[in-house]
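Hi,

Here is the structure I promised to pass on. Have a look at it first, and then read on for what turned up.

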Amino acid sequence: MKRLVFGILAAVIAVSTLSSCGYNSMVKLDENVKSKWGTVQTQYQRRADLIPNLVATVKGAAKFEQGTLTAVTEARAKATQMTVNADDLTPENIEKYQAAQGQLSQALGKLLSITENYPELRATQQFSDLSAQLEGTENRITVARKDFNDAVQQYNGKIRSFPTNLTAGMFGFKQKGYFEADATAKDAPKVEF
C-alpha cells in the first residue's frame, strides 16, 4: 500500500515538474510568433497585389520613364519570390526578406515621387484610390512588423530565462530574428525648397 501511495505521489510530482518547465508556454509563444509572421507576410502580399494596378494606372495616364515602371515591376517580382518559412525565422533570413521588401519600397517611392510631376494623373480617381490603399497597406505593414517584434521579444525572453532555457535547449527552441530598421532609414531625406 505504501508503495502505491509513493508511486502515485512520485507520478504527481513528475507531472507537476514537467508542467512547470515552461515547454507548453514556449510552444504557445512560438505559435504566436508564427501567427504574427503570417500577418506580416499577408500585409506585404497585399502591397504586392496593389502594385500592378498602380503601375497600370500610371502607365495609362502618363507616358514617362519606362525605366521606373520596369524597376517597380522587377522589385515586386523579387519581393514576392522571397519567402521565409515561419519555422526558420533566423536573423539572417529576416534580413534577406527585409532587403527584398526594402528594394520594392525604394522603387515605389521613386514611382510616387515622379507622379508628382503629372497633375492630371494625381487628379484621377483610380490613382487616388490606389494611392490611399497603398498608404493604408504601408501602415498595416508597420503595425504587423511591430506586433511581430513584440511577439519575438516575448518568445526570446522566455527561452533565454532560467530555468526555461534548459527546457528550450533540450527541445530545440531557438531565438527568432527581429525586423530592424532598413539601412537607408538612418539617412534623413533631403528637403529642398
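Before the contacts, one term: two residues touch when they have heavy atoms within 4.5 Å of each other. Please also keep in mind that this is a predicted model.

Let's start with Val33. Leaving aside residues up to four places away in sequence, Val33 touches Leu89, Phe148, Ala151, Val152, Tyr155 and Lys176. Val33 also belongs to the largest nonpolar core, which has 21 residues. Within that core, the members touching the most others are Val33, Trp37, Val40, Leu89, Phe148 and Phe179. Three helices, α2 (23-61), α4 (91-115) and α6 (125-160), each give at least two residues to this core. Helix α6 has the largest share, with 7 residues. Apart from this core there is another one, made of 16 residues, including Leu50, Val55, Ala107 and Phe127.

Now the aromatics. How many aromatic pairs does a search of the whole structure find? The count is 8. Take Tyr44 and Tyr97: their ring centres are 5.7 Å apart and their planes sit at 75°, so this pair counts as edge-to-face; the cut-off for that label is over 60 degrees. The two come from distant parts of the chain, with Tyr44 in helix α2 and Tyr97 in helix α4, 53 residues apart. Tyr44 has a relative accessibility of 5%, so it counts as buried. Tyr97 is buried as well, because its relative accessible area is 4%. Both tyrosines are part of one aromatic cluster, together with Trp37, Phe148 and Phe179.

Is Arg47 buried or exposed? Its relative accessibility is 0%, so Arg47 counts as buried. Not counting residues up to four places away in sequence, Arg47 touches Gln101, Leu104, Ser105, Leu108, Leu134, Thr137, Glu138 and Ile141.

Finally, the surface. Met1, Leu4, Val5 and Ile8 make a nonpolar patch of about 470 Å² there. Met1 itself is in the segment before α1 (2-19). Why does Met1 count as exposed? Its relative accessibility is 79%, and exposed means over 50%, so Met1 qualifies.

If you open the model, Val33 is a handy place to begin, as one of the core members that touch the most others.

Cheers

Terms used. Residues numbered from 1 in each chain as written. Predicted model: local features only at pLDDT ≥ 70, side-chain atom pairs only at ≥ 80, totals over all residues. Heavy atoms only, no water. Core = buried A, V, L, I, M, F, W, Y, C linked by side-chain atoms within 4.5 Å. Buried < 20%, exposed > 50% of the residue type's maximum accessible area, 1.4 Å probe, protein only. Helix = DSSP H or I, 4+ residues; strand = E, 2+ residues; numbered from the N terminus. Patch = residues over 30% accessible without salt bridge, like charges linked within 9 Å, V, L, I, M, F, W, Y side chains within 5 Å. Areas by Shrake-Rupley, 256 points an atom, 1.4 Å probe, with all protein chains shown as cover. Salt bridge = Lys/Arg side-chain N within 4 Å of Asp/Glu carboxyl O. Phe/Tyr/Trp six-rings, centres within 6.5 Å; stacked < 30°, edge-to-face > 60°.
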